[in-house]
Amino acid sequence: MAKNILIIEDDEFLRSLINRKLSAEGYNMISAIDGEEGIKKVLAEKPDLVLLDLILPNEDGFEVLSKIKADPKVSQIPIIILSNLSQKEDIDKGMKLGAADYIIKAQFTPEEIVEKVKNILK
Amino acid sequence: MFNFVKIIFGGLFTASAIAFLIFLASVNLGITLFFLVVIFFITNYFLKRISRFKKQQIGLEHLLQANEKKFKNSEIEKNIIAKVFTNFDQGVVVIGENGKVFMANPLAEKILQAKSENAMADFLSPYFSSLGTILKEEIILNNFNIELSAIPLVFGQKDMGKLIILRDIAKEKLLEKVKTDSILSAVHQLKTSVTSAKWSLKMFLSGDFGKLSKEQKEVTQRLYGRNDSSLFLIDNLFYATKIDNKAYRYAKTLVDITQVVQAEINYFQDKIKSKKIKVQFKKPAESLPKIMADKEKIESVIKNLFDNALKYTPAEGTINASIACEGKKISFKIKDSGIGIPLADQSKIFGKFFRARNANKIEANGSGLGLFIAKKIIEDHNGSLSFQSEENKGTEFLLDLPLNMV
């Protein structure tokens with residue numbers, strides 16, 4: 001059965017590009033446009049993996065990550081941070097909060113992101 | 001008093017004249033004339049003295065008046081200075097040559113919140129700089145964000161104490177933060193846009209949107225390279241903004257510099273190939289010791305050095321990079337066969353926004369930020385960044401990083 005991936009990303013264009021790339025790889029894509037909607041969809045859909053942006057309206061990515069990791073019903077879902085915050089402080093903070101990986105958007109191509117996703121969902 | 005003298009002498013003169021008239025009647029003319037002459041000279045002498053006394057008196061009176069005026073002026077000046085001192089919007093403390101507080105204005109007392117003058121002097125004493133140097137430092141004190149300046153009071157060669165100025169910079173800092181935050185936010189938005197272009201172009205190139213013709217592929221490839229240059233510029237802008245606001249923090253971990261260099265060479269593969277530049281990287285057989293450094297920032301230094309070498313070296317040129325452990329430091333060198341830096345521009349090459357004349361001609365894209373950032377980062381790592389260059393022959397950058405930095 002196709003695996004579900006939730007992408008929490010406020011930028012519509014970036015979201016559509018990733019959706020297209022991962023759909024083509026056979027994944028079932030679900031989208032959320034802010035932190036609040038993201039948490040709701042994590043709880044409702046229980047996706048196999050979450051791609052999480054950090055700078056988001058309402059609740060930011062760090063808050064979303066902490067909430068998911070604090071809830072035993074969904075804490076096992078791997079979360080890949082997908083952000084343009086490239087400072088080591090942010091990366092450390094994200095990894096410490098339990099992210100499975102941290103991808104700096106501008107330094108990765110869509111192919112490389114697909115590779116990371118595949119590796120985690122293997 | 002002078003008038004009194006005048007009366008006495010005047011009287012003396014009159015009495016002499018009367019005595020002389022009596023004498024005239026009884027004594028012969030020769031003696032009379034002699035006395036007359038003597039009396040005339042004596043009287044004349046005393047009269048001259050009197051007039052000199054008078055002149056001196058007037059002079060003294062003038063002097064006294066002038067002094068009085070000066071005194072009045074200095075009183076006014078003193079009052080003005082006292083008013084300025086009391087109401088000055090910066091804290092001012094004057095420390096005497098004995099190291100004790102000579103005077104402090106109310107704002108200084110408020111900022112320092114010291115119970116006594118001794119406590120105030122004790123607190124300030126670490127900031128007393130050595131003779132002749134002005135010290136400036138930012139401190140946070142009793143909820144005040146303060147810029148403390150310690151200015152030595154030197155008259156002639158003598159140390160007369162210190163002048164301490166405490167400037168509340170909270171407002172300034174806030175404005176600076178608002179400015180930085182808005183620039184950083186704009187930079188972030190810009191980065192998102194450029195990232196979306198990067199992803200789209202890459203997907204075009206990968207055939208996600210259908211097969212491209214040879215020409216379409218070529219243009220898309222060039223656009224992709226251009227877009228990556230924009231990303232690089234945005235990163236430099238981001239760093240430069242942070243440097244300006246002293247918001248540069250370093251998160252150091254053990255870093256393998258050889259690996260960083262190799263990764264950057266890989267990053268520039270497309271550009272290297274398209275310009276047909278021969279890139280050599282010499283590294284020792286055994287791996288070099290890792291150093292404590294901020295990996296992301298060292299990466300940006302190496303990236304800037306490679307970017308410059310590639311930009312300013314004509315097609316089919318060479319770039320020779322090498323890394324070695326020399327004594328207690330790691331030395332990275334990168335030498336290109338590029339346009340070089342004109343001698344007249346060499347002293348300014350690390351300046352912010354500075355671009356050498358010949359650089360502008362060959363490559364319009366360039367912010368003049370790369371080397372400014374690189375130098376700052378390396379110096380903050382206690383290392384050094386220098387270069388040797390000859391116009392039309394090439395440039396070699398030399399980067400040293402100490403091994404024992406934590």
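**View 1. The residue after helix H11 of chain B in a predicted model.** Helix H11(B) is followed by B:Asn382, whose phi is positive, near 60 degrees. Helices (H or I, at least four residues) and strands (E, at least two) are DSSP runs, numbered from the N terminus. In this predicted model local features need pLDDT of at least 70 and side-chain atom pairs count only at pLDDT 80 or more, while totals for chains, interfaces and linings use all residues. Residues are numbered from 1 along each chain as its sequence is written, and chains are lettered from A in the order in which they are written.

**View 2. Burial of H11(B).** Eight of the 11 residues of H11(B) (370-380) are buried, so the helix is largely enclosed by the rest of the structure. Buried means that 20 or more other C-beta atoms, placed from the backbone, lie within 10 Å of the residue's own. Among the buried residues are B:Phe372, B:Ala374 and B:Lys376.

**View 3. The largest nonpolar core.** A nonpolar core is a set of buried Ala, Val, Leu, Ile, Met, Phe, Trp, Tyr and Cys residues joined through C-beta atoms within 7 Å. Of the 43 residues in the largest one, B:Ile257, B:Leu305, B:Ile334 and B:Ala374 touch the most other members. H9(B) gives the most to this core, with seven residues.

**View 4. The side of chain A that touches chain B.** Here 18 residues of chain A are in contact with 17 residues of chain B; contact requires C-beta atoms, placed from the backbone, within 7 Å. The largest share of the chain A side, six residues, comes from H1(A).

Technical notes: Two residues are in contact if their C-beta atoms, placed from the backbone, lie within 7 Å. A residue is buried if 20 or more other C-beta atoms lie within 10 Å of its own, exposed if 12 or fewer, and partly exposed in between; C-beta atoms are placed from the backbone.
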